[in-house]
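Subject: A structure for you to look at

Hi,

Here's the structure I promised to pass on. Have a look first, and then read my notes below.

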Amino acid sequence: MASVLLRNIAKRYDDNEVLRNVNLDIADGEFVVFVGPSGCGKSTLMRMIAGLEDISSGDLLIDGARVNDVPSAKRGIAMVFQSYALYPHMTLYDNMAFGLKLAGAKKPEIDQAVKQAAKILHIDHLLERKPKQLSGGQRQRVAIGRAITRKPKVFLFDEPLSNLDAALRVKMRLEFARLHDELKTTMIYVTHDQVEAMTLADKIVVLSGGAVQQVGTPNELYHAPANQFVAGFIGSPKMNFLKGTVESADAAGVLVRFDSGDTQRVAVEAAGLQRGAAVTVGVRPEHLKVGAGTAGVVAKTMAVESLGDSAYLYAESAVAPDGLIARIPPLDTYRTGEALGVQANAEHCHLFDEHGQAFRRLSPHAKAA
Ligand SMILES: Nc1ncnc2c1ncn2[C@@H]1O[C@H](COP(=O)(O)OP(=O)(O)OP(=O)(O)O)[C@@H](O)[C@H]1O
Ligand SMILES: [Mg+2]
């Protein structure tokens with residue numbers, strides 16, 4: 001087990017700066033998840049930690065020792081990629097034993113490591129099979145098992161479940177949580193799946209534009225996003241954004257006026273906020289209250305998607321350039337083109353300045369996070 005510290009890490013390919021000023025403290029035994037849009041540098045960062053990619057500048061410390069120049073094999077790290085290649089002609093046992101054999105381990109040691117990993121992953125009854133005789137999820141577990149047998153100080157998983165179907169992903173997600181509980185090894189995990197990030201992580205790192213946008217617990221990122229990017233990225237469907245200007249600000253919060261003349265009260269700490277300043281109100285779909293003909297921001301129904309247990313209403317509004325999404329009771333009906341009033345409780349709203357920086361919320365949820 002080990003801590004991983006990143007100090008001012010940057011990565012450049014020729015003139016192209018892919019990552020800059022990455023600072024991150026990963027504690028011994030922590031489960032850290034990297035998220036961010038495609039191309040933001042998640043895999044690059046993982047590969048630098050693994051030693052598969054040079055670090056352009058900055059320091060990488062594993063267990064307190066600088067490892068920038070330590071070769072990959074000596075860093076005590078095991079990495080599982082999205083496309084995990086198993087040797088097709090070898091049994092599962094041999095696939096899992098391969099790394100240890102190469103490292104010159106003795107037979108009894110290999111045997112014990114393979115059997116222990118297979119037991120943890122519930123594939124101990126399959127050890128004599130070849131990869132083609134396995135399901136996708138079983139194969140995935142062999143790839144993880146191969147990483148476990150090496151007893152690494154740190155596990156790196158780069159989108160390990162993206163090839164699996166939805167049901168198997170849920171199952172494997174639970175397996176990852178259990179694996180971490182059992183091994184207590186430091187884990188760094190990349191995913192595009194919101195639920196995986198929220199449920200597995202002790203700490204989520206949001207990357208975008210080559211930089212870390214925010215680091216925090218899942219609850220911190222959900223209830224107290226530092227900026228509009230994080231607010232829009234964490235949560236699915238995504239947060240609604242309504243553009244307006246400050247009408248008045250006091251200790252209880254801010255009254256925001258929209259071009260349409262409608263207003264919305266927002267419970268944030270906004271000392272010194274000037275009347276007329278451009279702001280964006282953020283409201284999650286579960287907190288957007290819609291009603292035909294009621295007060296609030298004027299919107300127009302575009303579509304309703306029923307998911308059985310709930311439904312999502314999509315609406316258009318002049319103050320929300322990206323459109324609006326509200327979670328509504330499953331049996332509520334709206335006609336396409338129907339006029340709506342849209343509003344939210346002040347304590348459910350977020351507020352961002354013209355640069356996208358969030359004001360601190362007064363909501364008890366945000367304070368607890
Ligand atoms: N060898 C390379 N040479 C030049 N540019 C590269 C190289 N490898 C990656 N990049 C660039 O670095 C950026 C980050 O790539 P990376 O693979 O880390 O993204 P990612 O966040 O993992 O994306 P995804 O979610 O799609 O896997 C991309 O813009 C990519 O084009
Ligand atoms: Mg990637």
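Let me start with strand E3, residues 31-35: 5 of its 5 residues are buried, so E3 is largely enclosed by the rest of the structure. Keep in mind that this is a predicted model.

Which strands does E3 pair with? One is E8 (residues 186-190), which runs parallel to E3 and is joined to it by 4 bridges. Another is E9 (residues 203-208), also paired with E3 in the parallel sense, over 4 bridges. Val-33 is a handy landmark here, as it stands opposite Tyr-189 in E8 and opposite Ile-204 in E9.

Then there's ligand 1. Its surroundings include Val-18, Ser-43, Thr-44, Glu-159 and His-192. By class, the shell has 3 nonpolar, 6 polar and 2 charged residues, and its largest share, 3 residues, comes from helix H1 (residues 42-50).

A few polar distances to check on your screen:
- A ligand 1 oxygen is 2.7 Å from a side-chain N or O atom of Lys-42.
- A ligand 1 oxygen is 2.8 Å from a polar backbone atom of Gly-39.
- A ligand 1 nitrogen is 3.3 Å from a side-chain N or O atom of Tyr-13.

On its own, ligand 1 has 640 Å² of accessible area, and the protein covers 57% of that.

Cheers

Methods. Residues are numbered from 1 along each chain as its sequence is written. Chains are lettered from A and ligands numbered from 1 in the order in which they are written. This is a predicted model: local features need pLDDT of at least 70, side-chain atom pairs count only at pLDDT 80 or more; totals for chains, interfaces and linings use all residues. Side-chain values use heavy atoms; hydrogens and water are left out. A residue is near a molecule or strand if one of its heavy atoms lies within 4 Å of it. A polar contact is a pair of N or O atoms within 3.5 Å; within protein, one must be able to donate a hydrogen and the other to accept it, and residues adjacent in sequence count only if both atoms are side-chain atoms. Accessible areas come from the Shrake-Rupley method with a 1.4 Å probe; for residues, only the protein chains shown count as cover. Helices (H or I, at least four residues) and strands (E, at least two) are DSSP runs, numbered from the N terminus. Ala, Val, Leu, Ile, Met, Phe, Trp, Tyr, Cys and Pro count as nonpolar, Asp, Glu, Lys and Arg as charged, and the others, Gly among them, as polar. Buried means under 20% relative accessible area, exposed over 50%, partly exposed in between (1.4 Å probe, protein chains only). Two strands pair if DSSP finds at least two bridges between them.
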